[in-house]
Amino acid sequence: MIQKIKKISLTMFAAAGVLVGASNIAVAAGGDVPQPPKNDWAHVGPFGKFDKAALQRGFQVYKEVCASCHSLDLVAMRTLSDLGYNEDEVKAIAKEYDVMDGPNDDGEMFSRPGRPSDYFPAPFANDQEARAANGGALPPDLSLIAKAREHLSLFRPWKSQYGEDYLVALLTGYDDAPEGFELGEGMSYNTYFAGHQIAMAAPLSEDQVEYADGTPATVKQMSKDVATFLYWASEPKMEARKELGFKVLAFLLILSILLYFTNKKIWADVKGK
Amino acid sequence: MHLSSYEPKNPVMKWVEARLPIGSLIYGSLGPGYGAPKNLNYWWNFGSLAGLMLVIQIITGIVLVMHYTPDVTLAFASVEHIMRDVNHGWMIRYLHANGASMFFIVVYIHILRGMYYGSYKAPREMIWMLGLVIYLLMMATGFMGYVLPWGQMSFWGATVITNLFSAFDFIPVIGDDIVTFLWGGFSVDNPTLKKFFSLHYLLPFVIAGVVILHIWALHIPGSNNPTGLDMKTKQDVVPFHPYYTVKDLFGIAVFLLFYCTFVFYMPNILGHPDNYIEANPMVTPAHIVPEWYYLPFYAILRAIPNKLLGVVAMFAAILIVFFLPWLDGSKVRSAAFRPLTKQFFWIFVINALILGVCGSQPAEGFWVPLSQICTAYYFAYFLLIIPIVSRIETPKPLPTSIAEAVLAKKKG
């Protein structure tokens, strides 16, 4: 048995070795955008949970800064209870938004205060309006942005780029264009954006929001908070997933051990051990 | 090998058995009536694992369909509805998405095991070919399933792969219409999505049917084994139940540990981040890659500069495997007794892994010549190495029986 495990794992290691080796060469040929620096995240790791205070701060940054251009179409306001708000607080947040509803009995559409069951209203009626208001560029919906910007590597986990790290790098990565770099009209230079030309001007500045919990609103702090919030928006069931995963793996581990000994016992007469 | 027959003791079962001998069927195919070689190693677990994965994919898939909407305006949102609003929908979807990868991992190991131990050789050619039919159906099913979430990679992957068929535009009369027919229009659009959805639901049941044929054909000669020798006496054999039912269950538990680690702790690592961006025909992703399990064939496709020849080579790379039973002229099945074949086999495996990496990279720089060298080895393995080596190689002395081989191993 031990011999067999050894043999099988050796084969697997050899196969993984080939893949790691070859993909290492592969990355050497990668683009000119540097890898975003890694940050410490409370929600990363097998037991990671969301930092609720950071989620609430991040939501505030989204609401006061990002939401003027970026929609969050897939997120229902009722799910804000995940951030640690109670029912009344969620209701109060929803009420701040005007939501289009209808038609009513007269066939008219009407605007009413939001309810927790509503989704976040988009800042623009359609993509064309969004482009017209943003110099031709379309601000992407942020519901899944964190997962859409992550590049995970199975064979070289240290090279994995989390979407949250990328968002922080992007939001703090604005800089003067290096000499000789042709910047298009209305474009900004960003170290971490593919091609370095981004249509979004640096969105955050020192003390742009006033945090209720008194945390100093540095650009870095706001970036980290909003990245945490956007990661939650893209993977709201992460905590449930990891909690259930632990139970599932623990169960399977015990089951495997029991079946290992059952198997050994059953085979004992054949193997004569 | 037939060991014993089913004799029901319970009067109800006797009644049923006289009218529908389903008890005998199970007893004789998975029960104590079916004799399997006593020396099967853990590489033989991957057949039952593949069966398990098919069942998991069908069950999770049926549940997903209850909440999914196959329409270009709603597909992406309905998948997110599953992820966010459906009870445990995230788990069902991650089980299904990662399940596809697991299914392919298991099947690749199963195929390579068959290659190594000569399980394709007479009298098991039919099992081998039916297995490859299952594999081809899996490729089609997996490809169409990947289109359903209607993300950027879904859309552009579908565009690239369906466009391959435009290489056949030289065929008179129907040539120009093949791609239009696949799309159900003039580009990948709503009719394509609906067509793929329909077929993605159908094909797994076709696979299940071919699996039954595969197992039926298997039960004629019975399992091959690491020595490649035939089962001759009862000394060589153990009843399938309880010996291999328990061993398979143990394998399943360990495999589920592996599978669930992906599902619960890195559910997106085998996917592509661009598929979390809704399909947009106006924006082409910088780098379109198929799912990992197609990559070696994708590398073969791109290794050849001519489009038609590339497509032909890609299909040939799979079809050629059907002929393996006749390309291999050795009298001995197992590579354990064929030292040269063994070495070339492992080079073949490494070569296929490198082809996979080539397929994941942009077709430029040194990846092009590397994929060409690997493509050349891939075909040379089947067309030159196996036919020649199998006929000139002197195999190591074989044990006289499976029982003797087991005894010799016990003594060390």
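Rings of Phe, Tyr and Trp (its six-membered ring) are taken as a pair if their centres lie within 6.5 Å, with planes under 30 degrees apart counted as stacked, over 60 as edge-to-face and the rest as tilted. With that rule in hand, select A:F59, A:Y62, A:Y85, A:Y97, A:F120, A:F229 and A:W232, which form one aromatic cluster.

This is a predicted model, in which local features need pLDDT of at least 70 and side-chain atom pairs count only at pLDDT 80 or more, while totals for chains, interfaces and linings use all residues. Residues are numbered from 1 along each chain as its sequence is written, chains are lettered from A and ligands numbered from 1 in the order in which they are written, and side-chain values use heavy atoms, with hydrogens and water left out.

**Aromatic pairs in chain B**

Over all chains the structure holds 51 aromatic pairs. Select B:Y34 and B:F240 next, a tilted pair with 5.8 Å centre to centre and 50° between the planes. B:Y34 lies in the loop between α2 (22-29) and β1 (35-37) of chain B and B:F240 in helix α10 (residues 240-265) of chain B, so the pair ties together parts that are 206 residues apart in sequence; helices (H or I, at least four residues) and strands (E, at least two) are DSSP runs, numbered from the N terminus. B:Y34 is buried, at a relative accessible area of 4%, and B:F240 is also buried, at 14%, where buried means under 20% relative accessible area, exposed over 50%, and partly exposed in between (1.4 Å probe, protein chains only).

Move on to B:F104 and B:Y293, whose rings are stacked, with centres 4.0 Å apart and planes at 5°. Both B:F104 and B:Y293 are buried.

**Charges over rings**

Select A:R57 with A:Y211: A:R57 lies over the ring face, at 5.7 Å from the ring centre, the rule being that NZ of Lys or CZ of Arg is within 6 Å of the ring centre and within 35 degrees of the ring normal. Then show B:K247, which lies over the face of A:W267 at 5.9 Å from the ring centre.

**Salt bridges**

A salt bridge is a side-chain nitrogen of Lys or Arg within 4 Å of a carboxyl oxygen of Asp or Glu, and the count over all chains comes to 16. Select A:R78 and B:D85, which form a salt bridge with the closest N and O atoms 3.3 Å apart. This pair crosses between chains, from the loop between α2 (52-64) and α3 (87-95) of chain A to the loop between α4 (75-84) and α5 of chain B.

Finish at A:D101, A:R112, A:R115 and A:D118, which are linked in a network of salt bridges.
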